[in-house]
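Please open the model in your viewer and keep the selection tool at hand. The stops below say what to select next and what is to be found there.

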Amino acid sequence: MADVLNATPGSQSGGFLGFNYGFRPGRGAHDALDALSAAIYARKMNYIVDADIVKFFDSVSKEWLARFLEHRIGDKRVLRLIQKWLRAGVLEDGRIEVPERGTGQGAAISPLLANVHLHYVLDLWADPRIKSGGWRRREAKGDMVIVRYADDAIFGFESETDARRFLDAMRERLAAFALTLHPDKTRLIEFGRFAAANRERRGSSKPETFKFLGFIFICGKSRKGGFLLKRKSRGDRMRAKLKEIKEGLRKRMHEPLSRQGKWLGQVVQGWFNYHAAPTNFRALGAFRFNVVDLWRRSLRRRSQKDVTTWDRIESLARECLPLPKILHPWPSDRFRVKHPRWEPYARIGPVRICAGGAQQ
């Protein structure tokens with residue numbers, strides 16, 4: 001089913017577009033992060049629109065989704081199967097409820113269906129390559145960038161006027177499909193290579209930050225005083241993961257130390273595999289330190305006579321837990337390797353709306 005929904009129809013506007021990275025073969029969250037970072041460095045981005053759709057997975061119109069799927073899939077048998085999935089309902093308090101709207105967040109097919117829905121509602125409306133001309137081609141006066149991963153989308157603009165006009169137009173566009181932007185979480189901020197200098201010249205504070213795919217994006221400075229895009233793990237996500245680890249240690253409290261250490265090592269390595277990005281080393285160290293502290297507290301609760309000291313737990317941690325280490329390359333370097341300048345639609349230039357790769 002994933003191959004069917006990700007298949008590219010014959011027409012140019014039928015396939016997913018380059019700036020869409022969510023739930024597509026050969027693409028992942030770090031590809032979207034790399035594309036956004038590369039665009040901030042190379043494109044004329046001075047303002048960011050951080051869009052948040054209110055309860056997107058629960059608000060998708062099944063009627064509109066069915067029309068989009070019929071446009072994309074010709075096999076009636078596949079369409080009937082998807083309709084059965086949409087009518088499957090949700091089990092709550094022993095009762096099966098079939099909501100009138102939504103794709104059922106948590107279902108295996110839900111992200112794929114949501115991706116198709118936003119492809120027609122948002123992507124084709126904004127993209128400049130379609131024959132009718134997207135919003136950027138018709139309305140924007142300056143440069144514009146889009147990076148989207150599922151329902152998380154970041155829009156970059158050269159002009160504040162373009163950003164405000166696009167935000168108003170996007171509200172109207174989404175409202176036509178029964179979707180709403182969150183009034184508090186949707187923000188327009190000044191962000192980019194020259195944002196800090198421009199705000200300092202006006203006597204304003206430092207540029208605001210924004211969150212995307214588990215990271216906080218920060219306008220920073222390099223050791224030489226130049227612009228440095230910093231990405232730091234979100235504190236709320238880290239706390240949620242530590243809480244999950246605490247519950248796991250409680251369940252494994254009386255297991256052998258070797259088994260506890262093996263499990264913790266896998267958990268920490270998995271967290272590092274995603275978050276070990278450049279400029280995020282301090283967060284890696286903080287995460288490992290808190291895991292070690294939770295392990296020490298869990299061991300001391302096993303018995304009133306337990307005397308697990310910091311020296312003892314640090315010795316165990318050295319044996320079982322990986323040390324903090326940056327595992328990902330700089331985003332611009334990886335982006336250039338994955339999307340060479342000769343690849344269609346991959347070059348970074350003012351004529352393209354996306355910092356992503358070619359259509360697939």
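**Stop one: the cavities**

The structure holds 2 cavities of 30 Å³ or more, a cavity being a set of points on a 1 Å grid over the protein atoms alone where a 1.4 Å probe fits but cannot get out, with grid points joined across faces, edges and corners and the volume taken as the space filled by probe spheres set on the points. This is a predicted model, in which local features need pLDDT of at least 70 and side-chain atom pairs count only at pLDDT 80 or more, while totals for chains, interfaces and linings use all residues. Residues are numbered from 1 along each chain as its sequence is written, and side-chain values use heavy atoms, with hydrogens and water left out.

Which residues line the largest cavity? Select Ala51, Ile53, Leu118, Leu122, Arg148, Ala150, Asp151, Ala153, Phe155, Met170 and Leu174, which are lining residues in the sense of having an atom within 4 Å of a point. Helix 6 (110–126), strand 5 and helix 8 (160–175) are the elements that give two or more residues to this lining; helices (H or I, at least four residues) and strands (E, at least two) are DSSP runs, numbered from the N terminus. The space in the largest cavity is about 50 Å³.

Next, select strand 4 (residues 144–149), where 6 of the 6 residues are buried, buried meaning under 20% relative accessible area, exposed over 50%, and partly exposed in between (1.4 Å probe, protein chains only). In a regular strand the side chains alternate between the two faces of the sheet. In strand 4, Met144, Ile146 and Arg148 are buried on one side, and Val145, Val147 and Tyr149 are buried on the other.

Val147 stands opposite Ile154 in strand 5, and the two strands form a hairpin with 2 residues between them, where Ala150 in the turn has a positive phi of about 55°.

**Stop three: strand 1**

Now select strand 1 (residues 47–51), which is largely enclosed by the rest of the structure because 5 of its 5 residues are buried. Strand 1 pairs with strand 5 in the antiparallel sense over 5 bridges, and Ile48 stands opposite Gly156 there. Strand 1 also runs antiparallel to strand 6 (residues 187–190), to which 4 bridges join it, with Leu188 as the bridge partner of Val49.

**Stop four: Tyr41**

Tyr41 lies in helix 2 (residues 29–42) and counts as partly exposed at 27% relative accessibility. Leaving aside neighbours within four places in sequence, Tyr41 is in contact (heavy atoms within 4.5 Å) with Arg193, Phe227, Leu228, Leu229 and Ser332. Show Leu229 as well: the side chain of Tyr41 reaches the backbone nitrogen of Leu229 at 2.8 Å, although the two residues are 188 residues apart along the chain.

**Stop five: His328**

Finally, go to the loop between helix 13 (310–320) and helix 14 (331–338), where His328 has its place. Is His328 buried or exposed? His328 is buried, with a relative accessible area of 13%. The side chain of His328 reaches the backbone oxygen of Asn273 at 2.7 Å, and, not counting residues up to four places away in sequence, His328 touches residues including His30, Tyr274, Pro278 and Arg334.

Technical notes
A polar contact is a pair of N or O atoms within 3.5 Å; within protein, one must be able to donate a hydrogen and the other to accept it, and residues adjacent in sequence count only if both atoms are side-chain atoms. Two strands pair if DSSP finds at least two bridges between them. On a 1 Å grid over the protein atoms alone, a cavity is a set of points where a 1.4 Å probe fits but cannot get out, and a pocket is an open set with protein on both sides within 12 Å along at least five of seven lines; lining residues have an atom within 4 Å of a point.
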